[in-house]
Amino acid sequence: MVHFSIISATAGILAAASLVSATPVPSNDDPKARIVPFVNKHAAARRSESYNLPETTKRDLHRIQRRNERDAALMKRSGTGNLKVKRTAAALEPFDIDSARKARTKKRQGYSTDPLVNVGDGLYYGNIDIGTPAQVTTIDFDTGSSDLIVPSTACGNCTGPFFDTSKSTSFATTNQAFSTAFGDGSTADGVLSTETVAIGSLGIQNQPFAVITQASKGFDGPNAGLMGLAFPTIAQTGATPWFMNLAHAGALASNVVSFYLSRQGAEGSELCVGCMDGAKFTGQPEYFPLTPGNATQKYWDIASQGFTVSGQLVTQAMTATIDSGTSLIYLPPSQANALYSKIPGAAAAADGTHYSFPCASAASLPPIGIAFTGSSTVFNINPAQFVAGVLDQAAGTCAGAIVSSGKEDGIALVGDAFMSTWYSIFDYGNMRLMVHVPARKIRSQVEQCSPALETAFNGAAIQDVAGSRQATMPLTDDISGNLDVLYYGLDIDTAIVFKGTGEVSGV
């Protein structure tokens, strides 16, 4: 039996987001080696089964449309666009559970970790307990929305595990109708209700949420429900989000929620509620205040100087919305065009959303990143994450993870392609976002390179584009005589291409 502290849901609070960052990926004008951003064959097989680039983009773009519609409705309802939210969260520094481990101190209350499942680097989900006695369901933890949505056993087109309201003694319904739409245009309907909701030892009684009773065909996915971690101002249910209720009640060791997102389908992704985990990042943190940073806050927005190619700004300044529920990175069309104009061989795809480049040039892509206002650091996107997938197998063209949002709104919607490169801390109590370099578990593995990359790298020099971390690993011949891809060092998704035997130094 799981025991957790129960806090009664109360009024809305205003919180802050914090990203942690570290040393950016430097460029090298005189390469001796080249790191190849290519997944190993096992990860590629997983992605081919679960990751669909057009569907991922379609889902993300629909989220953007819904966000715009929701913002317009909120502005109309308020008359000014400035909804007021009371700020009551204590400003506590993030509690590091790794420091507590090393100090061997008595376990501190007020935090919980939740392992996340990585679905092809396009979606991450974990578990919550709901009801009395607790029933487990799977949840997409989304910093770009604010509602808790859980499907019931009555929903035929939904994905389980389902919540059986008849088996919970703490369930209560308001009989108020709820309706929403999701990624591919599918819809879901239900009723607003209240229930006990917990992650590990952290629980809230009477948490408002939407229990879904019917949905259109297509309302299905690897996870069952959604938990919004953004601000109450955009909650369609009108409720204070679960996490903010915990912060308002003083139930957290620190008023933060942190994400560690693995890459290339690897295990180890984690949500840390009330905490951060120092074992999962390296380097010194950088802090970025939310904008506007007051009671009108809707999303986890921070100011950016713009996006960079080879460390140089190539776009205008934009508001960056850090959104764990979005897979890719979306820029206004003019800014996406400006960025890809600096990438050799890149061109706008026929769909008007994606941008393509030859897959064979994936290894020679320049460093691409984002510069946040108030910092000289460039936060580069891991090269493996920038290659979003193959657009045209026959033509040998790949798609970049930065795509067009279709709207000139000055907003960069920054999703998992960025967050899987940087450990991200959303700090409600201090209204800021913090970013760190994620620490990757050391693993060595030799894989066969794809024919396209073999052609591109046969006899090519190898460049270390990932920074100063060095490791020397013995290399093993592939029995086929083809180029090999070695996964090594601190970054399990980065690879060296080589021919023959010997030793090569890299990240």
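Hi everyone. A disulfide here is a pair of cysteine sulfur atoms within 2.5 Å. With that in hand, let's look at this structure, which is a predicted model.

First, some background. The protein chain has 507 residues, and 58% of them count as buried. It holds eight helices and 34 strands. Among contacts between residues at least 6 apart in sequence, 75% join residues at least 24 apart.

Now, how many disulfides does a search of the whole structure find? There are three.

Let's start with C272 and C275, whose sulfurs sit 1.9 Å apart and so fall within the 2.5 Å cut-off. The torsion about their S-S bond is about -115°, so this disulfide is left-handed. C272 is buried at 0% relative accessible area, and C275 is buried at 0% as well.

Next come C155 and C158, also linked, with a sulfur separation of 1.9 Å. Their link is right-handed, at 60° about the S-S bond. C155 has a relative accessible area of 2%, and C158 has 10%.

Then there is the pair C359 and C398, with sulfurs 2.0 Å apart. C359 lies in the loop between β20 and β21 while C398 is in strand β24, so the bond ties together parts 39 residues apart in sequence. The link is right-handed, at 110°.

That brings us to the sheet around β24. Four strands form an open antiparallel sheet in the order β19-β20-β24-β23. β19 and β23 are at the edges with a single partner strand each, so one side of each has no neighbour in the sheet. β23 pairs with β24 over four bridges, and G389 has A399 as its bridge partner.

Definitions and conventions
Residues numbered from 1 in each chain as written. Predicted model: local features only at pLDDT ≥ 70, side-chain atom pairs only at ≥ 80, totals over all residues. Heavy atoms only, no water. Helix = DSSP H or I, 4+ residues; strand = E, 2+ residues; numbered from the N terminus. Buried < 20%, exposed > 50% of the residue type's maximum accessible area, 1.4 Å probe, protein only. Contact = heavy atoms within 4.5 Å. Pairing = 2+ DSSP bridges.
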